[in-house]
Amino acid sequence: MANGIFGIGLSALNAAQQGLLVSGHNVSNAATPGYTRQQTVQSASGAQATGSGFIGRGVQVDTVKRVYNQLLVSQVAQAKTESAQLDTYFAQMGQIDTLLADPTGRLGLAPALQDFFGGVQDVATSPSDIASRQSMLSNAEVLVRRFQSLNDSLDKIQDGVNAQIENSVSLINTLGAKIGELNATISLAEGSAGGQPANDLRDQRDELVMQLNNEVRAKVVEQSDGSYSIFIGTGQSLVVGSTAFQLATTASPVDPQRLEIGYVTGGNTLPIKESSLDGGKLGGLLQFRNGELNAARNGLGRVAIGLAGTFNDQHRLGQDVHGNLGGEFFTIPSPSVAASAKNTGSAVVAADITGYNALTTSDYRLRYDGTNYTLMRLNDGVAQTFATLPQTVDGVRLNIAFGTAVAGDEFLIRPTINGAGQIEVAIQDTDLIAVAAPIRTDTPLANAGTGRISAGSVDAPPPPNPNLKEPVTFTFTSATTFDVSGNGTGNPTGIAFTSGSPISFNGWTVTLTGIPKPGDTFSIGPNDNVTTDNRNGLLLGALQSSRTLAGGTANYQGAYSQVVSLIGNKTRELDVTSSAQSALLSQAQALQQSESGVNLDEEAANLMRYQQAYLAASKVIQTANQMFDALLDITR
C-alpha cells in the first residue's frame, strides 16, 4: 500500500515539476520572436484492477505541445506579405512624388518650363535686344539641365531598386536554406525522441517562414513527416525536405540596366514571370519598377521629346538675324531600340519619331515569328500584327535598318526613355534664334479695291519649299480671279478667288480679304527686316499653351502634370491602403497572440498552481513514508 502511495506521489511530483519547467520556459521566452506558448498534456496512469475496483496509479505527462493554430498563423503570414508589399511600394513611390511635385520649385520641371517661355516672350517683345536673346538661351539651358537632373534622380532610384532586389533575392535564398536545415534537424530530433514534437525548433522554422513572407509570398505545405515544402511564384519549389533551391538575378537580355529574377535548376537559370512574384518587399519593388517608375521616366521623356520636336518644327519656319531659315533649337533624343541577346537573326530595327502628338508613355515589344511581326504596347497589352516593316504606330516609325530577322527574334522599343536624359540646346549663338518670319507681304497703295493680304505664314514641316523666299505677285483680272507670277509657282492664271479663303504657294499660305479690283496686285517676298520682326517669335511663344501632346489633349505643362498627377494619386492611394493593411496585420497578430502568445499573468498563476501541486505531491510522499515507518514499527 505504501509503495503504491509512494509511486502516485512521485508521479504527481514529476508532473508538477515538468509543469513548472514549461511555465518557466514560457516566461523566459515571452519576448522571443515567433515563440508559441507551450503546455503539458497529461493523463492518468493505467489503473490497477483489484477486488474492490480499479485503483489509480498516479499521473503521467504524455507530451509538451505548442498552443498552435495553423489557420491564425496563415492569416498572419498572408497579412504580413501584403503589408510588406504595400509598405515597400509606398516608400518607393514617395521618392518620385517628392521629386516631381517639389513644392519649393527647386526640383520640379514647371518653374524651369515657365522661365523658358517667359524668355521666349521677352524675345518676341524685343527681337533686337541681345540681352533678351541671351536670357532665352540661358533659360533653355536651365530647362535642359532640369530635365537631365530629374532623369538622373530617376536613374538613381532605379539603381536603388536593383540593389534592393538583389538583397531581397539573397535573403530569400538564405531563409530557404535555413528552413531546409531546420527540416532535417526537426526530423532527426523528433525521430530520436520517439515522435515527440520539437516545439522550439518548429517555432524557429515558423518564424523563418514568416520572414520569408516578408520578402515574397510563400505557400507552405506540411508533409506527413512534419517537414515543410515551400513554393513561390507559379509553383517553383524553394524548399523540399532538407533541399533548398536558389533564385538568381540576371541582366535582362533586352535591357542590361534591368534585373530579372530567375530560378536556378540543373545548372541553368530560368526566368520567372515577374507578375507571379507578388507579395513581400520583392513584390512591391517589382510592381513599382514595372509600373510607376517606368511611367515617370517615359512621361518625363515624352515632355522633353515633344518640347524639342515641336519647338524645332516651328523654329525651322522662322528666320534668324543673318536671313537664314532657323535650324534646330534643341537636340531631339532618339528612341531606344534593343535587340534581345538571344536573337539569332542579323536584323537591326530602327525607330524614328514621326508624330509627337501621338507619342505615348509606353514601351513596346516587337517579336517576329518567322512570318509576321507582332508589336505589343506593354502598358496595356494591346498588340498589332504586321506582315512587313516599315510600320508607324503611336507616332513611331519602325523599320528594318539592315539584316534579316528570324523566328523568335525580339526587340524592346522605348520611344521616350532617352528624352529627359539626352535633350540638349543645339545653338549657342543668339543670332541663330529664328524670331522673324522669312516672308513678307505687301499691298500697294495704288490698289483701287478693298482687298487686303494677311502677313502670311510658313507651312508646317516637312521643311519649307526651296522657293519659299522667291518673290510672287498676285494680279487680279477681275474681282473673282487672279493670275500668279513668280519662281516655283508655274505662273498659273485665272485662279478663282473667294474672300477669306487661304492661298498657298512655295511653302507659305496667305489670306486675302475684301474685294479687289481688276489691276490690283499683292506681293509676297523675302523678309529683309529680320531684326525687328517677331512673327515667328510669337508663334514660338504660343507653343506653351498649344495642345501638341497626348493626342492633342495636353500642352507641355499639361503632359508633365499628367505624370505628376499619376504619381501623386498613386502615392496617396498607397498611403491609405498600406495603413489599412498594417491595421489588418496588427489585428491578425493580436488574434494569433491571444491564443498562442505568452500571457505573463496566466503563467504566474500556473507557476503558483504547479508549486502548490509540487508541495501536495511531496506531502503524499511524506505520508507514504510515515506509513512505511509505521509498518516497520509493528514488526519490531
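Colleague: Where does Ala550 sit?
Modeller: Ala550 belongs to the loop between helix 8 (535-542) and helix 9. Helices (H or I, at least four residues) and strands (E, at least two) are DSSP runs, numbered from the N terminus. The model is predicted, and local features need pLDDT of at least 70, side-chain atom pairs count only at pLDDT 80 or more, and totals for chains, interfaces and linings use all residues. Residues are numbered from 1 along each chain as its sequence is written, and side-chain values use heavy atoms, with hydrogens and water left out.

Colleague: What is the phi of Ala550?
Modeller: Ala550 is not a glycine, yet its phi is positive, at about 55°. Most residues other than glycine have a negative phi.

Colleague: And is Ala550 buried or exposed?
Modeller: Ala550 is buried, because its relative accessible area is 18%. Buried means under 20% relative accessible area, exposed over 50%, and partly exposed in between (1.4 Å probe, protein chains only).

Colleague: What about the phi of Asn506?
Modeller: Asn506 has a positive phi too, near 55°, and is a residue other than glycine. Asn506 is located in the loop between strand 28 (502-505) and strand 29 (508-513). With a relative accessibility of 5%, Asn506 counts as buried.

Colleague: Changing topic, which residues does the cis peptide bond join?
Modeller: The cis bond runs between Leu389 and Pro390, with omega at about 15°. Pro390 is placed in the loop between strand 17 (383-386) and strand 18 (391-393). Most peptide bonds are trans.

Colleague: How many aromatic pairs does the structure hold?
Modeller: There are 18 aromatic pairs in the structure. Rings of Phe, Tyr and Trp (its six-membered ring) pair if their centres lie within 6.5 Å; planes under 30 degrees apart count as stacked, over 60 as edge-to-face and the rest as tilted. One of the pairs is that of Phe116 and Phe311, which is tilted because its planes are at 55°, with the ring centres 5.4 Å apart.

Colleague: Which parts of the chain does that pair link?
Modeller: The pair links distant parts: Phe116 is in helix 3 (residues 110-125) and Phe311 is in helix 6 (residues 280-315), 195 residues apart. Phe116 and Phe311 are both buried.

Colleague: With which ring does Phe117 form a pair?
Modeller: Phe117 pairs with Phe311 in an edge-to-face arrangement, 6.3 Å from centre to centre and with 70° between the planes. Since Phe117 is in helix 3 and Phe311 in helix 6, this pair ties together parts 194 residues apart in sequence. Phe117 has a relative accessible area of 1%, so Phe117 is buried; Phe311, at 0% relative accessibility, counts as buried.

Colleague: And which residues form the aromatic cluster?
Modeller: Phe474, Phe476, Phe482, Phe497, Phe505, Trp508 and Phe522 make up one aromatic cluster.

Colleague: On to helix packing. At what angle do helix 3 and helix 4 pack?
Modeller: Helix 3 and helix 4 (residues 130-192) pack at about 160°, and their axes are 8 Å apart. Helix 3 is therefore roughly antiparallel to helix 4. Angles under 35 degrees count as roughly parallel, over 145 as roughly antiparallel, 65 to 115 as roughly perpendicular and the rest as oblique. Axes are lines fitted to C-alpha atoms, for helices over the stretch in contact, with angles from 0 to 180 degrees between N-to-C directions.

Colleague: How far apart are the axes of helix 2 and helix 9?
Modeller: The axes of helix 2 (residues 70-100) and helix 9 (residues 556-596) are 7 Å apart, and the packing angle is about 155°. That angle makes helix 2 roughly antiparallel to helix 9.

Colleague: What separates Glu573 from Phe90 in sequence and in space?
Modeller: Glu573 and Phe90 are 483 residues apart in sequence and 8.8 Å apart in space, C-alpha to C-alpha. Glu573 is part of helix 9. Glu573 is partly exposed, because its relative accessible area is 40%.

Colleague: And Ala110 from Tyr560?
Modeller: Ala110 and Tyr560 are 450 residues apart in sequence and 7.9 Å apart in space, C-alpha to C-alpha. Ala110 lies in helix 3 and is partly exposed, with a relative accessible area of 25%.
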